[in-house]
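Colleague: Could you walk me through how a few labels in this model were assigned? I'd like to set each one against its definition.

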Amino acid sequence: MKPSINGAAKVFIPWAVPVLLLLCWQIFASMGVIPPRILPAPLDVLKAAVELTQTGELLDHLSISLGRALTGFLIGGTIGFLLGLFNGISKVSELFFDTSIQMLRNIPHLALIPLVILWFGIDETSKIFIVALGVLFPVYINTYHGIKSVDKNLIEMGQAYGLKGGALFWTIIFPGALSSILVGIRFSLGVMWMTLIVAETISAHSGIGYMAMNAREFMQMDVIVLSIVLYALFGKLSDVIARMVEGKWLQWNS
Amino acid sequence: MLSHIPDSHIVLDAVQKTYNNRPVLNGINLTIKFGEFVAVVGKSGCGKSTLLRLVAGLEKYDGGSICVGGMALNRLNKHARIMFQDGRLLPWKRVIDNVGLGLHGNWKMEALQALRNVGLEERGQDWPAKLSGGQKQRVALARALVHKPDILLLDEPLGALDALTRIEMQDLIETIWKEKKFTSILVTHDVEEAVAIADRVILIEDGKIVLNKLINLPRPRQRSNSAFANHVEEILDRIMLRGKEKELLVVNRQPETLPLVRKAKKVVPESSYKEESVRNGIKDHQKPQ
């Protein structure tokens, strides 16, 4: 007999392990096995979340972090996409830029944080710059690769059927590259959060990363854990959104 | 110089094509009349697909001239639509949108009509991935026909289909051709298919036309008919002739030792029963007597 998994179970099973872990954590914490100085109980973290929400502090930090993440993502993503596009389509552009981009790509963008702080100080610009830089390369590589690997036969067919210029691009090249571009976007969403966390932890006076670092000064373990949980939730959320977009735009592929 | 013959649609005059200094087509002369159905056969690599791509204007020829409807062809042939072996449907467009590719204005009705002509009108909203190989080629055919081309170019469009679907598609293409009266060139490696569908069969070998045979059989053609079989046989014989000569040469030259198998196998053309007979021949010889 093959066990069959129905619809509802499919939704719940992935959550079984996290929920179980949370339960164990809560139980061990209340039993005193895990001292609160090491790891606060989940309920305490929740309480901290509620308190910070009531003071409005949490929402402020959240919206500031989200704003930075999205601004950096949009800037870096757009630049990466356009560079990938031009280098994928035009041989000249590729010759000019690809080598340089590949060189820059190999520098870990987080290594630039000290430099960026000296350039821009610790205000918004530096965080957005680092996020944009981190996001740029995955989007670039995947856009470039996606456009390069569009089936040449399909392009030839399009030309034989009278498509050229913009029509050829929007009918064949872009849809052909789209699944690769979306992979790049999904990957760069992960990079976006990671970069922001590091940037905010090192130099900021607002945002979730700052909230965590500030809490460290006062040994507020619950707030530190809360900010880590928030990052996990946001990471998951952006992945879900990316998947939804993929499901909608790549319907033909399912 | 060839003067323009009034009812000739496509005229190829001493057409040359080389790839990396290797001649693929070497002086092709061919005149195709309006509404004629010409099949081009030959072994793989003989240049038959290249010929079709030149007529489509997908590639440039290096010498000679190609005239379509009295005009020299020097870029994409706008009067022609081509159908490829691998359908080349856009997987991200629904069937109906694939058919409407390159159409403007109020194209939905035309596309639907074209789908109806190939018997797939109710599949318009499906993704191409949901179709079978034969259905995909039907869609590709509809996509070509919706432009009402004067010339339909077929580049082994049925090569990847199973035998039954293939016969069905041949009938469909013939029916539509009879109705729409366009000129057509079919490139195929299937001699039977060529004889079944074409007014004329052309055999290309080493970049040259070596056989140009009118098929004067009444339509619809019966494959079981002995005249049909004779035509097929005659063309096949001509194709295989060189292969047989080579094989004889090799067999006569080699001493009857084991390496013969390997060497002979390289030269003997596709037909596998020949390999088999060579191998068996050696086995028999080696038996202790």
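Colleague: Which residues of helix H9 of chain A are called buried, and what makes them so?

Modeller: In H9(A), residues 208-217, they are Ile208(A), Gly209(A), Met211(A) and Ala212(A). Buried means that 20 or more other C-beta atoms, placed from the backbone, lie within 10 Å of the residue's own, and a helix is a DSSP run of H or I with at least four residues. One caveat: this is a predicted model, where local features need pLDDT of at least 70, side-chain atom pairs count only at pLDDT 80 or more, and totals for chains, interfaces and linings use all residues. Residues are numbered from 1 along each chain as written, with chains lettered from A and ligands numbered from 1 in the order written.

Colleague: Why do you say that the buried residues of H9(A) line one face?

Modeller: Down the axis of H9(A) they fall within an arc of 160 degrees, so they share one face; the arc is that of the directions from the axis to the C-beta atoms. They pack against helices H3 (57-89), H8 (165-202) and H10 (221-249) of chain A.

Colleague: What makes the largest nonpolar core a core?

Modeller: A nonpolar core is a set of buried Ala, Val, Leu, Ile, Met, Phe, Trp, Tyr and Cys residues joined through C-beta atoms within 7 Å. The largest has 77 residues, and Val40(B), Val55(B), Leu153(B), Ile185(B) and Val201(B) touch the most other members. Helix H4 (residues 133-145) of chain B gives the largest share, six residues. A second, separate core of 30 residues includes Leu85(A) and Tyr144(A).

Conventions:
A residue is buried if 20 or more other C-beta atoms lie within 10 Å of its own, exposed if 12 or fewer, and partly exposed in between; C-beta atoms are placed from the backbone. Helices (H or I, at least four residues) and strands (E, at least two) are DSSP runs, numbered from the N terminus. Two residues are in contact if their C-beta atoms, placed from the backbone, lie within 7 Å.
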